[in-house]
Amino acid sequence: MGKTLRWSLVLMLYAVGHEVFSQEIIRAGLIRAQLTLSASQMLSENHSNFYLHGNFEGYLTKRLSLSGEGYHYLGDLSTGAELFKVNESFFFGASWHLTKRSSDVYIGIQPGIAVARLNEIQTNNRPTHQATTPLFSSVVGYNYFVNRIFHFFIQTRIVSGQHLDDVPINLTELRISAGLGFNINSTK
Amino acid sequence: MCCTKRHLLVIISLVVQSAVFGQALGPSKTGWFSLGGRNTLSTFTHDGTGLGTGGQFRVQLSQDVNTEWFADYIMIGLPDGVRSTYYHIGWSVLFYPFSQLKYPRVIQPYILAGHCFDYNEKTVIAAPSVSESRWGSAVQAGIGTHVNLSEKFDVSLCSQYMVHLTNELNVEKDAAGNLSIQKEQRNSAEGHLLITVSINYKIFRLWEKH
């Protein structure tokens, strides 16, 4: 009885392993998501912001995906007073993928908006206002799909736009994110 | 010789006609509804340059005619610390003059023209109470091209000139350097060049023509 159970377990593990590791991952119906920290460098200001970066992406074909991404401002890595009190940004766009086995290099464009409010220090302690700003962004990245559940990723994004409230600030920024993501094939 | 020339002309005209009208059009594209997002670079003659974010949907009426319904939110930083915000909502008709240029061809050029309603608000950034707004209407025309990356997905690049017919808002600066925003009493025609890059995905067919 014990022997049968052991063999059943071995067979089940083999079946699960086979299912997880052997099938083609990057194809239509693949959904991937991640939540990570993102560092950035503003190109017109001497500030390095960091964000909580979330992403949700669906592959319409092996080469084409649509994605929605959001950044929640966590703080400023540079010395001196913070530039922003609030600096959230949201993007939606498409990416074009070049894939080979588990590797996936992509380039995409993502229009977006920023919801930002300056730190009062920037306005000599006068109250600041929240403003919604149009953004343009393009992304270049690489995913490595370990199996049907996990992948590693690295993404760089260039953002451009201009905050036009209280004190005009150029929002042009280079953002880098990397980490572990989750993926699932939603179709057979 | 004359007869040969005439025959040659007939043959050439038949070949041209065959090339122009006789091509198989492939599966009909009529009725497709597509949805997308866009960024617009607005270059004004008097306002400067600004960036916009927006979206659009398209309804394709025939093989050669498409319609695009769009909304844009554009923000421009004017000199002297004035913010100009534009909201555009409108539609354009896209005409494909080269019927053979469509998917699977990557490049699909088009001509477009249409109408638009727009709302403009100008605000002195350092003194937000100094602000003025107006509604207006506009017409636009231009050229563009789809870059068909798959049968259902395209990236489109378009350049169009939009002329507003409205009471424009002018920023005035007095001798003391104080800024004010004045609405012109008379309608005037002022324009700007809009360069738009958009991504579009054909989601479903509203109707099907066999």
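**Reading the folds and the contact**

Mentor: Along its sequence, chain B runs α-β-β-β-β-β-β-β-β-β-β, that is, 1 helix and 10 strands. Helices (H or I, at least four residues) and strands (E, at least two) are DSSP runs, numbered from the N terminus. The model is predicted, with local features needing pLDDT of at least 70 and side-chain atom pairs pLDDT 80 or more, while totals for chains, interfaces and linings use all residues. Residues count from 1 along each chain as its sequence is written, with chains lettered from A and ligands numbered from 1 in the order written.

Trainee: In which order do the strands of chain B close into a barrel?

Mentor: Strands of a sheet pair through backbone hydrogen bonds, either parallel or antiparallel. Here 8 strands of chain B close in the order S1-S2-S3-S4-S5-S6-S7-S10, with antiparallel pairing; a pair needs at least two DSSP bridges. Neighbouring strands are turned by 25° against each other on average, direction ignored, using axes fitted to C-alpha atoms.

Trainee: Over how many bridges do S1 and S10 of chain B pair?

Mentor: S1 (residues 32-44) and S10 (residues 188-205) of chain B share 13 bridges, in the antiparallel sense. Ser34(B), for instance, has Lys202(B) as its bridge partner in S10(B).

Trainee: How many residues of chain A are in contact with chain B?

Mentor: Contact means C-beta atoms, placed from the backbone, within 7 Å. By that test, 23 residues of chain A touch 19 residues of chain B. On the chain A side, S3 (64-76), S4 (84-100), S6 (112-118) and S7 (131-145) each supply at least two residues.

Note on methods: Two residues are in contact if their C-beta atoms, placed from the backbone, lie within 7 Å. Axes are lines fitted to C-alpha atoms, for helices over the stretch in contact, and angles run from 0 to 180 degrees between N-to-C directions.
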